[in-house]
Every structure is written in structure tokens, then in C-alpha cells.
Amino acid sequence: MTILIEQPEFEGGIGERNKGPVDENELVLDGGFVVPETMPDEGFVAPDTNSFGHTFRDYHVESERQNGVEEFYRTNHINQTVDFVRRMGEEYGKLNKVEMSIWECCELLNEFVDESDPDLDEPQIEHLLQTAEAIRKDYPDEDWLHLTGLIHDLGKVLLHPAFGELPQWAVVGDTFPVGCAYDESIVHHKYFLENPDYKNPVYNTKYGLYSEGCGLDNVLMSWGHDDYMYLVAKENKSTLPSAGLFIIRYHSFYALHRADAYKHLMNEEDIENLKWLKIFNKYDLYSKSKVRIDVEEVKPYYLSLIKKYFPTKLKW
């Protein structure tokens, strides 16, 4: 069951937020970075650099980590095929790996660092809480959005042995549709040349397997933590709003929410939910920092939200 929520107003900004003095010791959206300017028309400020001193999502700057990120995307783009995505959906759609709570999953995820992310080398629970707390500060009345911030990356437990210990290229990284042409805005697009689907005439046109306005729910996305967590939430009857489920499923779909690619496949509900995803993305990206969160201090609040929107135990 899902519920619809009132969509935000976007004229003259993206909604009302709490304004007040900034405490240098608390988590703010810019994660403690010096902020040189305001992002145009977005209503809040964001940093120019990530935890490594580089521009956010800069996949071309020379560094040892960047070389690893590029190799990750080479492998990802070669292997994410229609057949692979369908096979993974069938296998993990059984939800027969583990039974555990949302918070237990948060703690389990703390063991991993995302190799595809050029902006972050901290355990994942740090990023989850940074994102959730930044959203909570600016949108205090949207508790579903706070919880979405906390759980959006929980699908990365696919890296754990209990879930099959999938390789990182099958779990993390930017997602994209399969079964149609790969848009050139996708990071490291050149490596799709080696994907078996690239020259398949059934898959390599603008629409491929799909049609105008068919809705993203009918589009196969590259397999990873986004689709898996969406599947877990949906099949376990989460009562998160449809916008929350949309954020979970498409938060790594940067070709859409940063480059406006693939909009020809969207339906009206997708268009409305995309507004919330674009709000969320700023927090997902720019709240990555070295600022630490006191887990025990915020834990009771998030446990109350989990109880509100999820069953006690979930099938994974």
C-alpha cells in the first residue's frame, strides 16, 4: 500500500525551511565546508568540494580513487545487460535471504564503503545519518523524507555474504535503463561499447523495449541497491508515500535527475515524484562530509519512524 502526498511548491524556491543561526558543531547541509555561493534558484547553499577536496561527482580528476571508480564503471557498463537485470530481479524478488528489521540492516551496512562514489570513503551508516539529519533540519514536518534519507542505501547489503556477496558493480553506482539506447550523459558512457546489448537492434534505439510515457515503473533499470531496496519496501507493505518509494528506486538515476535524459519514458506520476527526488538529491550528494553523527542520540527518533512506516521484521 502506498499513499500520495501533497507536492511541494517550486516557484521562488523549494518550500519553506527553518532559518536561524548556524551552530558550527552541528550538521548542516554543506557538511562543514566553506560555501562560496548559493546554488541558482535552489534556496540553499552547497559546497564546491567533497571530502577529498575535489568537485562533487568529478569522474575525471586524476587520483588513485578516481582510477578505481573508472574501472568500476567499465565493469558495470559491460555487464549490466537486459538478461542480467531480469535474472537478478527473479532471484532477489523471492525475498528469501534474511529476516531482519530496518535498524538491524543499518547496522549491517556499516561494514561497507561504496567503491563507485568519488566523494565518500566513510562507512555507509555515516552517510545515511548525514543525509537524514540534513533533511530533518530543513524539512522538519516531512518525517517520511527523513526516513527515506536513512534507508535509501540499505540495498547495499547485497554486498554482504548473507545476500550473495554480489560484486560492487552489481550493487552500487549510477543506474540507467537497459533495453533502450544508453544516453551519453551517463558517466563513462564509452564503456557501453563493450556491452552485448549495445549493438542489439531490439535494444539500441531511443525507445527500445518501451514506449512514449510508459512510466518508469515499466522500465528495466540496471540492477543494484536502488531497485532491491525498493522491492523490499514495496513487498513488505511499507506505507511510505509514493514519492519516498520513487526516491529509493531512482536516487542513483543521475541521467534523469541531473541531465533530464529519458523523460520521454515518464508518466504523470513520475513527473510529480521527480520534484521530490530533485530535492532529496541535494542532500544525498552535498551532505557527504567528515562531520560525525551521534548515533545513539538520534536512534530513538528514527526507530519511531521505522515503526510508523514499516513492519517490525522484513523479508529481504
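Predicted model: local features only at pLDDT ≥ 70, side-chain atom pairs only at ≥ 80, totals over all residues.
Colleague: Between which two helices does the loop with D153 lie?
Modeller: Residues are numbered from 1 along each chain as its sequence is written, and side-chain values use heavy atoms, without hydrogens or water. Helices are DSSP runs (H or I, at least four residues) numbered from the N terminus. The loop holding D153 runs between helix 5 (143–151) and helix 6 (225–235).

Colleague: Is D153 buried or exposed?
Modeller: Buried means under 20% relative accessible area, exposed over 50%, partly exposed in between (1.4 Å probe, protein chains only). Because its relative accessibility is 3%, D153 counts as buried.

Colleague: Which residues is D153 in contact with, leaving aside neighbours within four places in sequence?
Modeller: Contact here means heavy atoms within 4.5 Å. With neighbours within four places in sequence left aside, the partners of D153 are L109, Q124, H127, L128, H225 and H251.

Colleague: Which residues does the UniProt annotation "binding site" cover?
Modeller: The entry is unreviewed; its positions follow the numbering used here, feature names are shortened, and annotations may be inferred rather than shown by experiment. According to that record, the residues are H127, H152, D153, H225, H251 and D284.

Colleague: In which helix is D284 found?
Modeller: D284 is buried, at 5% relative accessible area. Leaving aside neighbours within four places in sequence, D284 is in contact with H127, T131, H152, H251 and Y254. D284 belongs to helix 9 (residues 268–286).

Colleague: What distance separates the C-alpha atoms of V85 and V178?
Modeller: V85 sits in helix 2 (residues 82–92) and has V178 among its contacts. The two residues are 93 apart along the chain, and their C-alpha separation is 8.1 Å.
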